[in-house]
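Colleague: Could you take a close look at one part of this model, the pairing of its charged side chains, and go through it with the cut-offs spelled out?

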Amino acid sequence: MIRSGAVAYELVRPLDLYAFWFCRDLARRTAPTLLRAVPIFVIAGLFFGLQPPASWAAAGAWATATLGALLLGASIPNLLNISMLWTVSGQGISTLTVAAVAIFSGMYVPLPFFSDWAQTVLNIMPFRGLVDVPFRLYMGHISPSEIVPLFAHQLAWTLGLITLGRHLLARGIRRLVIQGG
C-alpha cells in the first residue's frame, strides 16, 4: 500500500493506523493457523501418535505461549510494513526477516541443538517465542511452571516492537509524500 499510494486511504480513516494494521496482521496469522492446525493435530493424533499435553497445566501453558506467539508474530510484520516508509522495496528486509525467523525460532533446527553460547543469544532474541516455546511446552520439554517468565519474555518483546513500530510510524507519516491523484 505504501509503494502504490493506497496508504492514503488508510490515513484518512478515523482510526489508529497502527492498531488497525496490527489487528489485520493478527487476523492474518490466526485464521490460517487455526485452519491448518486443527487438521494437522487430528491427523497427527490419529496416525502418528501425537498425544495431548500431559496435564491441564501443560495445556494452559501451551495455550498461553501460543497466544504470546500470535501477538509477537503480528508485531514483527507490522514493523516490516512500517519500514516501507523508508525503502524503495521491502523485498530484501522481508527475505532476511523470514530467514532469521525460520532459523532463530527453532522452525528448522530445534534450539536445544545449538551450542551453549548460541542458546544464550537465542534466549534473549524474540524469535524463540514464536515456535520453540509453544512447541516445547506442548511436548513437555519445558515445565508448565516456567510459563510466567517465558510469557513475560514474549510480551516484553511484543510491547517493545509495538512501541518501536508506533514511533517509526508517527515519524514516517510526518515525512510521507503521496504522489498522484
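Modeller: From the N terminus on, the elements of the protein chain run α-α-α-α-α-α-α, helices being DSSP runs of H or I of at least four residues and strands runs of E of at least two, numbered from the N terminus. This is a predicted model, in which local features need pLDDT of at least 70 and side-chain atom pairs count only at pLDDT 80 or more, while totals for chains, interfaces and linings use all residues. Residues are numbered from 1 along each chain as its sequence is written, and side-chain values use heavy atoms, with hydrogens and water left out.

The protein chain carries 12 positive and 6 negative side chains, where Lys and Arg count as positive, Asp and Glu as negative, and His and the chain ends are not counted. A search of the whole structure finds four salt bridges, each defined as a side-chain nitrogen of Lys or Arg within 4 Å of a carboxyl oxygen of Asp or Glu.

One of them joins aspartate 16 and arginine 166, at 2.5 Å from N to O. Aspartate 16 sits in the loop between helix H1 (7–12) and H2, whereas arginine 166 belongs to helix H7, so this pair ties together parts that are 150 residues apart in sequence. Aspartate 16 is partly exposed at 37% relative accessibility, and arginine 166 is partly exposed at 36%; on this scale buried means under 20% relative accessible area, exposed over 50%, and partly exposed in between, using a 1.4 Å probe and protein chains only.

A second pair, arginine 28 with aspartate 25, has its closest N and O atoms 3.6 Å apart. Both residues lie in helix H2, three residues apart, about one turn of the helix. Aspartate 25 is buried, with a relative accessible area of 3%, while arginine 28 is partly exposed at 49%.

In helix H6 (residues 132–139), which holds arginine 136, that arginine meets aspartate 132 in a salt bridge of 3.4 Å, N to O, the two being four residues apart and separated by about one helical turn. Aspartate 132 is buried at 4%, and arginine 136 also counts as buried, at 17% relative accessibility. Arg128, Asp132 and Arg136 are linked in a network of salt bridges. Leaving aside residues up to four places away in sequence, arginine 136 touches Pro112, Arg128, His141 and Ile142, a contact meaning heavy atoms within 4.5 Å.

Key:
The place of a charge is taken as NZ of Lys, CZ of Arg, CG of Asp or CD of Glu.
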